[in-house]
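Visitor: I would like to go through this model and hear the grounds for each term you use.
Guide: Here it is.

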Amino acid sequence: MGTKVSENPLYRLLCPKSIAFFGASNSIENVGTSQLLNIVKGGYQGKVYPVHPKEKYVLGLKAHPTVMELPEPPDVAIMVIPNHAVSESLEQCGRKGISRVIIITAGYGEMGPEGHQLEAQLMEIASKYGIRFLGPNCIGVINSEISLNTTWFAHLYKPGHVGIVSQSGSYVTQTLPYFANMGLGISKAISVGNQADIDMVECLEYLAADSQTKAIALYIEGLKRPRDFITTAKSITPYKPIIALYVGGTEAGRRAALSHTGTLSGPDEIYSGLFSQCGILRARGLTDLFDWALALAQQPLPRGNRMIVLSNSGGPAASMADECNRNNLEVPAFDRQTQEKIRAMMPHTASPKNPIDITMNYDLDLIFKKLPKATLELPQFDGMLFYGIFGPIHFEHKIKMANGIVEIPLDFLRSWMRQACEAFVKFPEEYGKPIVCSCFCGREDEAVAFIQDHGIPVYPTPGRAVRAMAALWKYQQIKRRANKK
């Protein structure tokens, strides 16, 4: 498991009791102001000290002209100031006794030789005072446990179990609305930027020891310490999944990474081999990166690759079955006895084979209780792919259309749906088998939101649901190989 969380250099950065903030003002046009606003109004309970040479108050907080005039050395300093002022401010932080800094300012290694010299200057000052810092050219951190969000997007995240480490600040800030829409809960999110000091290896070590984090998602443009990365990742993947998206493996990707974070990338096939050696699941796009992390953080692993497909529509059922076979998952037909048992529950137009196609039905007890129970209890099956969650939103639309022509008992339907969903979300734990859902509605339907909020992923397409289930199976195989060594 490695070192304790409290011994990692990131601990104080992620769990500060006090923060000094350089670069915010009373103008919302200032990026630093947005970031400070997220800190002071996002639920963070620690002390916050704005540092500003002119303003007496910033966002209602007493400001101090220099860090030297603060009443105490804060745990962390955050800098969103022009890069020509960063070195002097870092020096002052060192003299004040501040040992952790987040440098959000850009204009360093990603700018070429002159920028590398500026980074070297930062390292020299940091070494002189024993400072560990994140960045430069990053967006900071999110710690959902203490409602700390140093990014410039308002905190749309919710506490959860996915830890994110990214060389792109956008993927831990501009993605927050996307995470909220798919019900993905964050544990910690760390933007490493240029990795001049604290790098991805130390972030991995932190998240490995963090009990809130159940799965780790990495966005990589290049590795600073590849050997240490391999050693660290190898020690983590037998007990905690890591999913990585690498974008430096093409000519265009290499050029973009060099100008973005100053990172030297390597050939695509080398990184594929490196990830395989470490037991890391390689995602080929952001959708898979976050889809897989969500499933791996929430669902039990399948013991095998034999899946039940349960759908209230034929097309999605066929799509999921086809996608299963393309992703090394099997959809075996039920034996005759099981088919007869299922047929006795369903309308005569439905198919009792695997996939089970109910052909559009509002019998919520059948869909969410009886059929899942009857099939998940079969020992020869390892998980369920489920399509079709039609909650109250659909009936609300019908009520508007009916306009009194026909009575629709919405309150009764809402109560019935809630009871059915409450039974459904307990099945993964009850049977120790994963359930992954798909539905073309999102969290605007309270039934979808309820299922997501109780630990079952719901993806917007059948294919994404299948690929997330396939990631669960791949990681099960990784764990088994690691345990045999």
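Visitor: What covers the buried residues of H12?
Guide: The model is a predicted one. In it, the cover over the buried residues of H12 includes strand E16 (356–357) and helix H13 (364–376).

Visitor: Which residues of helix H12 are the buried ones?
Guide: In helix H12 (residues 336–343) they are Thr338, Gln339 and Ile342.

Visitor: How do you know that they lie on the same side of H12?
Guide: Thr338, Gln339 and Ile342 are the buried residues. They cover an arc of only 100° around the axis, so they are on the same side of H12. Arg336, Gln337 and Glu340 are exposed on the other side.

Visitor: Why is Asn38 called buried?
Guide: Buried means under 20% relative accessible area. Asn38 has 11% relative accessibility, and therefore counts as buried. Asn38 belongs to helix H2 (residues 31–41).

Visitor: What makes the pair of Asn38 and Thr151 a polar contact?
Guide: A polar atom of the Asn38 side chain lies 2.7 Å from the backbone oxygen of Thr151. The cut-off for such a pair is within 3.5 Å, so the distance meets it.

Visitor: Which residues lie nearest the centre of the largest pocket?
Guide: They are Phe22, Val51, Pro53, Ile81 and Ser89, out of 17 lining residues. The space in this pocket is about 310 Å³. Helix H3 (residues 83–96) gives the most to the lining, with four residues.

Visitor: How many residues of each class are in that lining?
Guide: Ten are nonpolar, six polar and one charged.

Terms used
Residues are numbered from 1 along each chain as its sequence is written. This is a predicted model: local features need pLDDT of at least 70, side-chain atom pairs count only at pLDDT 80 or more; totals for chains, interfaces and linings use all residues. Side-chain values use heavy atoms; hydrogens and water are left out. On a 1 Å grid over the protein atoms alone, a cavity is a set of points where a 1.4 Å probe fits but cannot get out, and a pocket is an open set with protein on both sides within 12 Å along at least five of seven lines; lining residues have an atom within 4 Å of a point. Grid points are joined across faces, edges and corners, and a volume is the space filled by probe spheres set on the points. Helices (H or I, at least four residues) and strands (E, at least two) are DSSP runs, numbered from the N terminus. Ala, Val, Leu, Ile, Met, Phe, Trp, Tyr, Cys and Pro count as nonpolar, Asp, Glu, Lys and Arg as charged, and the others, Gly among them, as polar. Buried means under 20% relative accessible area, exposed over 50%, partly exposed in between (1.4 Å probe, protein chains only). A polar contact is a pair of N or O atoms within 3.5 Å; within protein, one must be able to donate a hydrogen and the other to accept it, and residues adjacent in sequence count only if both atoms are side-chain atoms. The arc is that of the directions from the helix axis to the C-beta atoms. Contact means heavy atoms within 4.5 Å.
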